[in-house]
Amino acid sequence: MPEYRYTRRRAARRGGGEGMTVGHAVRRCAAMPAHASVLPKKRSCATRILTFYIGKYTGMPPYCWRIEAGNDGERGMRFASTQIICFANQKGGCGKTSSAVSLAAAFAELSYKVCVIDVDPQCNASESFGVTQDLIDRERYFTLADVYLKKTKAIEVCIDLGERFGGNLSIIPAHRGLGSVGPRLEAEMQAAIANSDEHSILDADDIRTEQRVRLARSAESLRGEFDIVIIDTPPDLGFLMTTALIASDWLIIPVFPSGYDLKGLELLTRTVEKVRQRYNPKLRLAGVLLGNFDKSAKLDTQIHDMLKRKFGPALVFETTISRSVRHREATINGLTIFEHARDQLPSEQYLQLVKELIRRGQKALGGSYSPADGNGSLSEVANG
Ligand SMILES: Nc1ncnc2c1ncn2[C@@H]1O[C@H](COP(=O)(O)OP(=O)(O)O)[C@@H](O)[C@H]1O
Ligand SMILES: [Mg+2]
């Protein structure tokens with residue numbers, strides 16, 4: 001059973017959450033382990049004056065001053081600003097979840113502060129980190145559904161996974177009911193228009209836009225708290241995927257070397273282009289990531305070369321993730337690849353990917369970098 005840590009502050013805040021009594025929240029605070037990351041319960045006058053002046057001169061919100069007893073103190077961010085990366089491909093089984101989870105673990109391994117947002121109602125990423133639906137129900141954790149339905153700030157939904165990842169990894173868990181959030185918001189919008197004197201049918205687009213940007217607004221609260229936020233998405237191009245693309249700075253497209261996987265890329269990039277035009281012009285393609293790759297198979301190497309020829313090396317990761325039974329074993333055991341196959345090729349490749357990603361990010365931030373740029377169109381690749 002993984003160990004979870006809350007700041008007392010965050011746990012106390014949850015006391016106001018729906019369905020949780022203040023007594024429940026207080027009991028949970030009291031039950032937290034002694035080494036949990038806490039603000040002193042009773043702050044002395046000196047601490048209060050100190051925190052006031054730190055806040056005044058740094059502009060940091062109070063939760064940045066977490067005191068980590070038993071640790072070296074606040075670890076702090078290593079990037080100058082938070083980068084939000086979304087893994088998206090409407091094809092199922094192409095490595096979105098395993099690469100999102102493994103990349104997050106790789107960043108955490110290198111002591112970056114990472115938050116994973118699980119936007120998929122299948123909850124696979126949440127379960128990889130031991131946050132099951134049972135645990136969520138039992139502990140009454142907030143989930144991503146609260147972000148969409150109650151506009152809760154992402155930082156309040158975050159679960160710190162504690163010592164399992166050296167205090168560097170947090171998760172915003174999905175909920176099995178997430179799939180119905182889009183239709184539910186649409187129905188609420190229709191009802192509001194039908195029953196209200198304040199809205200006309202012409203307001204429908206504005207209301208839909210506000211619903212689509214809810215994740216992005218909520219995720220703003222993570223900026224300055226984490227180096228990297230990684231979003232895992234569902235296998236379709238619906239409401240949830242759109243909100244994830246709107247919330248992101250970067251997109252990684254994971255593909256397995258099969259014709260079916262490549263064919264969907266054209267539709268995906270058209271969707272990305274629309275999101276860029278309408279909602280999020282700063283969304284950039286970080287790269288296409290080839291997983292389940294067998295370098296001894298001629299076809300796999302040809303597909304990698306073809307992707308690079310068509311898009312230019314800037315848009316296809318040089319790092320590939322080799323086909324290995326270790327990934328499936330890790331998935332089945334609910335572990336990350338670093339816990340299951342430490343110091344072996346599958347985890348080494350994700351460390352390599354982090355380095356390549358950082359290199360590319362630094363380079364790309366210097367100039368304009370669009371998913372549509374490159375030497376060829378995605379349809380050419382899809383059609384071979
Ligand atoms: N490099 C790899 N080699 C072998 N199997 C892999 C590899 N990467 C992922 N898998 C397996 O492929 C399956 C689908 O991956 P997953 O990440 O769940 O895809 P998605 O999230 O796109 O549906 C999982 O069982 C996973 O363990
Ligand atoms: Mg998945």
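Author: Let us begin with a cut-off: a residue is near a molecule if its C-beta atom, placed from the backbone, lies within 6 Å of that molecule. Please keep in mind throughout that this is a predicted model.

Reader: Which residues come nearest to ligand 1?

Author: Lys96, Thr97, Ser98, His327 and Thr331 come nearest, out of the 17 residues around ligand 1. Two elements, α4 (96–109) and α16 (325–333), each give two or more residues to this shell.

Reader: What makes a residue of the shell around ligand 1 nonpolar, polar or charged, and how do the residues divide?

Author: Asp, Glu, Lys and Arg count as charged, and Gly is among those that count as polar. On that basis the shell around ligand 1 divides into three nonpolar, eleven polar and three charged residues.

Reader: Why is Ala125 called buried?

Author: A residue is buried if 20 or more other C-beta atoms lie within 10 Å of its own. Ala125 has 28 C-beta neighbours inside 10 Å, and therefore it counts as buried. Ala125 belongs to helix α5 (residues 124–128), and, when its neighbours within four places in sequence are left aside, its contacts include Thr97, Ala100, Val116 and Asp232. In the protein as a whole, 40% of the 384 residues count as buried.

Reader: How do you know which strands stand at the edges of the sheet?

Author: The open sheet has seven strands in the order β3-β4-β2-β5-β1-β6-β7, with mixed pairing. β3 (159–160) and β7 (284–290) each have a single partner strand, so one side of each is left without a neighbour in the sheet, and these two stand at the edges.

Reader: What makes β1 and β6 a pair?

Author: Two strands pair if at least two bridges are found between them. Strand β1 (residues 83–87) and strand β6 (residues 250–255) have three bridges and pair in the parallel sense, so by that cut-off they are a pair. One example of bridge partners is Ile85 with Trp250 in β6.

Reader: Which strands does helix α12 touch where it packs on the sheet?

Author: Helix α12 (residues 239–247) touches β1, β5 and β6, and its direction makes about 150° with that of β1. Helix α4, for its part, lies across β1, β2 (114–118), β4 (169–172), β5 (228–232), β6 and β7, and runs at about 165° to β5.

Terms used. Residues numbered from 1 in each chain as written. Chains lettered and ligands numbered in written order. Predicted model: local features only at pLDDT ≥ 70, side-chain atom pairs only at ≥ 80, totals over all residues. Helix = DSSP H or I, 4+ residues; strand = E, 2+ residues; numbered from the N terminus. Contact = placed C-beta atoms within 7 Å. Axes fitted to C-alpha atoms, helices over the stretch in contact; angles between N-to-C directions. Buried ≥ 20, exposed ≤ 12 C-beta atoms within 10 Å, placed from the backbone.
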